[in-house]
Amino acid sequence: MTDLQEPFIDPFADDIVNDPRGVDYSVPGLNEAAANSVIAAIDALRHDPRPRIHTRSPKALLVLSPRAGFGKSHLIGTLFKRLSGRATLVNIRPFEDTDTRWKSILMRLVQELTFPDRHTAAGDATGADQLELFAHGALSQVVADMLEAIGGNARTIAVLRRPASELVALRDHGPWLGYLRRNMDNRGWLGQVAQRLARSGMRLNAAPVTWLRVLYRYAYGDDWELRQACLDWLQCEPIDEELADAIGIKAADRGRVDASAGHLNDRAKARVLDLCRLAGFYRPFLICFDQTETYGKSPELARALGTVITDLTDEAVNQLTLLTANVDPWEKRLRLHWEEASRDRLAMPYLFLEGVTIPQARELAAHRLAVFDLPEARRRAFWGDGRWLEGLSRDNPQMSVRMFLNACSRRWHHGADAAAPDPDAGRVPLQTLFERYVDEVSAKPRRLVYDRDAFYWLVNELARGVAGISVDRVRAKSGEQLPRWRHDETRFVFGFESGNHWKRWHTIARTAMAGAGRHRVLVYPRTPELPRIPKPTWKVAQADIEQARRSSLLILELDRRVLVRLYAAHEFHADALQGDIEWSPEEVADFLRHALDDFWQSILGWPRQAPGEAPQPESPPPPTGELQRALVNIMRAKKFLSLEEVIERLPGAPDREAVLGICGETARIKVHTHPNMTVLQWQSAG
């Protein structure tokens, strides 16, 4: 027995997949036809020998679900697991602004690439993320092709043809590092490589020399600032000249600090297309658009999604685009607003998700019961004579996984016929649900990075209806439409800047000061992983930025606790839009407007209140390393504990967000978020 008392555990309560990468189990046979169709399309892209200069998927794939709960996100998770090592996997969450859609897609793509290819054992052993594997895979093949063309050493060429997960070990190979280091500064060698790529038909928007150097610095560099600058460049962010020089980025590829929103959007699209072209040296992309109901909020968003699918299908090589949607929103709010050309880019017939069969239902229930190591007597009571399963299926011939899990949950708690409504059941309170989302986001620390679309939704959509705030949009000089709040006599204009270039922030400061006398405040949210603005090394811009911050520029430095709640709110509302919870989007939004009152007031009360600053605890918590060791020791011994029980046992009384963050970085600890509690589980090796 564990410390968890079985009446508090509901092994069937978790019925929503918020992160496809967290899927570690799939019912054999369920939705296998759809999954196999996607895998076959990826394998078709892998059929031609590298480099695959012109390999293209003829159509995007659309997976339709009869309604919410049939496993759209779970299918993506299954694909991520089955295609690991065969495709580079990217889950694109919805963009909120049509003018900057490609900028949002590129940022999400690069952020996803910094996640590990977790289902590949070799990748786990090396600690390499997907972008490192991409860099090793592409760079080694380019060099191998070059050596082969000039009659280079056959043994060296054979080594460079190995899988990327094996090439990671070359980071410690002195002769190879010396060879790369010399040739990354060798104009003649780089020119030969560029000529070979051009003759093969590969046309990159950024210079091949720039791409080689960026991939080299990211894959083999140990300087954190340079690696971060490579990520910034990949996301089309301007970077300091000194860093660009150190990487070796050509002047024409550095971008303009004062570029318009339209120009930045075009550059972002070009960068996505370049990544797909370079994937011909490595492995194809699987680009998934999930949560598509969000695009149905407006005809403009729906049309923009259609144009993105058209552009990817027509212009991007070495990639397969996958969309998921529920039938009703697809027909009434998405397809209706797509141009005919966009609809023609989808393969016919569409792929459909299936209901769960009785054998599959039995398999799923048995798996859930096994996960929690529950008492045998309780399991037998749950199964009974088994006839309730047949009745459940007979009454619901198109039974979704969620419908089945909900029936199991009712039976677990009350022992009643699973097909009968539960007279005691009501909707889980919104506050309780929100706390679950906060716990889920807290357990994904790697996702607590800058998310332009989450911020845009917060200040442009959710803020509508907050007392004292009138929301509209204003067009900036860059051409971008920025959300604006009117509050009494003050106007708050929201900008979105994740970059760290001093010229860009100097321009922002000067623009802010120009409106200081007109009761206008520019607001720029910043997340904890981004450098503080201004940087101490900025000599020219520092004084102007500090002056602007005292009068008309609010750099909203959000701490981790606040960020978790904001991102949890975004996830909560997205699930309501998809019909994944029993509350309507309007009900959830109204709740969140009140739940985030401190956030609104931290902006409206500026400069009297400092936004995003958490109160300092009376005594600091133990260092993260010490806390992790204590947490691991507790979980190894107890196997299952509620989060509250774990916190009671830990030194220093750490807050739940900190504990969950450590869990998210500890592979052996799995977090189960249930409506009534959050449970931690120690997972045995293998």
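**Charged pairs, a helix and the backbone**

Author: Asp97 and Arg473 form a salt bridge in which the closest N and O atoms are 3.9 Å apart. Asp97 sits in the loop between strand 2 (88-92) and helix 3 (101-113), whereas Arg473 belongs to strand 6 (residues 470-475), so that the pair links distant parts of the chain, 376 residues apart. The model is a predicted one.

Reader: Which of the two partners, Asp97 or Arg473, is buried and which is partly exposed?

Author: The general idea is that side chains of opposite charge can pair when their charged atoms come close. Here Asp97 is buried, with a relative accessible area of 1%, while Arg473, at 35%, is partly exposed.

Reader: How many salt bridges does a search of the whole structure find, and which residues do shared partners join into one network?

Author: The search of the whole structure finds 40 salt bridges. Among them, Lys269 meets Asp311 at 3.4 Å, N to O, a pair that connects helix 13 (residues 261-278) with helix 14 (residues 299-315) across 42 residues, and both Lys269 and Asp311 are buried. Through salt bridges that share partners, Asp19, Arg21, Glu112 and Arg447 are joined into one network. Another salt bridge brings together the side chains of Arg254 and Asp245, at 2.7 Å from N to O, and Arg254 counts as buried at 16% relative accessibility.

Reader: Turning to helix 3, how many of its residues are buried?

Author: In general, an α-helix has 3.6 residues a turn, so residues three or four places apart point the same way. In helix 3, twelve of the 13 residues are buried, so this helix is largely enclosed by the rest of the structure; the buried residues include Trp102, Arg108 and Glu112. From its first C-alpha to its last, helix 3 reaches 18 Å, close to the 18 Å expected at 1.5 Å a residue.

Reader: Where in the backbone are there cis peptide bonds, and which residues other than glycine have a positive phi?

Author: Most residues other than glycine have a negative phi, and most peptide bonds are trans. A cis bond joins Arg50 and Pro51, with omega about -5 degrees, and Pro51 lies in the loop between helix 1 (32-45) and strand 1 (61-65). Another cis bond joins Ile533 and Pro534, with omega about 0 degrees. Asn31, in the segment before helix 1, has a positive phi near 55 degrees and is buried, with a relative accessible area of 5%. For Asn318, phi is also positive, near 55 degrees, and this residue, found in the loop between helix 14 and strand 4 (319-326), counts as buried at 1% relative accessibility.

Notes
Residues numbered from 1 in each chain as written. Predicted model: local features only at pLDDT ≥ 70, side-chain atom pairs only at ≥ 80, totals over all residues. Heavy atoms only, no water. Salt bridge = Lys/Arg side-chain N within 4 Å of Asp/Glu carboxyl O. Helix = DSSP H or I, 4+ residues; strand = E, 2+ residues; numbered from the N terminus. Buried < 20%, exposed > 50% of the residue type's maximum accessible area, 1.4 Å probe, protein only. Expected span 1.5 Å × (residues − 1).
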